[in-house]
Amino acid sequence: MGPTTRLVHGARRPDYNAGAVVPPIYQTSTFHWPADRSEASEKGRAYLYTRIENPTLELPAEIVRQLEGGEAARLFGSGMGAITACVLSLLKSGDEVVALEGLYGGTTDLLTDLLPRYGVRVREVGASEAREPEKVVSDATRLVVVESPTNPLLEVHDLARWSETADRVGAVLLVDNTFATPINQNPIALGADLVVHSATKYLGGHSDLLAGVVVGAERLVERVDAKGYFGASVDPFAAYLLGRGLKTLALRVARQNENGRRVAESVRDHPAVRRVHYPGWASAEEESIAARQMRGRSGMVSLSLRGGAATAERFLSRLRFVHVAASLGGVESLASVPGLTSHRHLPADELARRGIDAGLVRLSLGIEDTEDLVRDVTEALDAVR
Ligand SMILES: Cc1ncc(COP(=O)(O)O)c(C=O)c1O
């Protein structure tokens, strides 16, 4: 089965009432739980309570499990819900977490603000240090958190090398695969123990739901909020929308990969652009890692504009098809200024140290016609040069 066939048919079930091709939404908080348990088993699987389980949640979880090649998968109410559940389930006082500096801002906040209060040490690793993971992981490291490509500079990190390093000290490697999607990259095949997604982004694909997913070995996924203690459960309607969106994931991502590449190439030498950030473009080493571990490079492109914040603001105001909004991965193209959105919590000197300058605009290219997007971005750049 190819990925698109898997997306459409991979979790089809014969057991739904009325033989509906599209399964119904079980929009219920609870289920009949007969006192006589033999009655429940005669009717098939018994469900207890939607915070813990619901048939509508199973289909999208199963599809993502198959795509990522994990033993088990579980849905959450948001990407942050999924990440929080992983972190709080897997760590205890005295443990150390090693985390890339280039993680989603919400994840960085969670790790650096919350965990030290519970006696967990967090070691943030900058882009150049991260080239040699062996030097930053210690025997106390119990969890390693990595994203590749990173946000918003789209740096590429060697997931197989991180996996070997984490294994050597017995730490769990958690990879946030939101930007790459399982169409472009499968961290479990490269040795990751757990993969998380903000399913709000490419997996849902229509900017109309919030959800998260955790995939990995059964023993680990079971440990991650198996009983719904954290309460980060997804609503059945959002899970239904996710299952609907997933059917077109491979088609959407193929177009988004193409749109990302074409926009990146067409603005690379534009006089208003100081630097284009695109997965694999930072160095020959990153290009060879990307070629090894990614099938497509995603629809993400960040532009560092000459002239800083004022130019960025004028550029955004000139865009016609590209909406100015946080988030990514939807059918519609979006543009945001990371220093004002995902990384707004960082002080100016820290933003500068990380290479997130005031003129940095992150683009998430959607599925619009390529020529329209190239024209829109180029004309907006022409207007600010
Ligand atoms: C890479 C990445 N991981 C996690 C998250 C958090 O996901 P959510 O917004 O679904 O909680 C985001 C959200 O922007 C993200 O970009």
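A polar contact is a pair of N or O atoms within 3.5 Å; within protein, one atom must be able to donate a hydrogen and the other to accept it, and residues adjacent in sequence count only if both atoms are side-chain atoms. By this rule, 24 residue pairs, both at pLDDT 80 or more, are in polar contact across the interface of domain 1 and domain 2. The model is predicted: local features need pLDDT of at least 70, side-chain atom pairs count only at pLDDT 80 or more, and totals for chains, interfaces and linings use all residues. Residues are numbered from 1 along each chain as its sequence is written, and side-chain values use heavy atoms, with hydrogens and water left out.

The domain assignment (automatic or from a database) places domain 1 at 3-246 and domain 2 at 249-384. Their C-alpha centres lie 26 Å apart. Contact (heavy atoms within 4.5 Å) joins 40 residues of domain 1 to 41 residues of domain 2. The buried area is about 3400 Å², taken as the accessible area (1.4 Å probe) that two parts lose on being put together, summed over both. Carbon and sulfur atoms give 55% of this area. In domain 1, Leu153, Asn184 and Tyr202 lose the most area to domain 2. Together they make up 22% of what that side buries.

The count between the domains is 4 salt bridges, each a side-chain nitrogen of Lys or Arg within 4 Å of a carboxyl oxygen of Asp or Glu. The side chains of Arg131 and Glu286 form a salt bridge at 2.6 Å, N to O.
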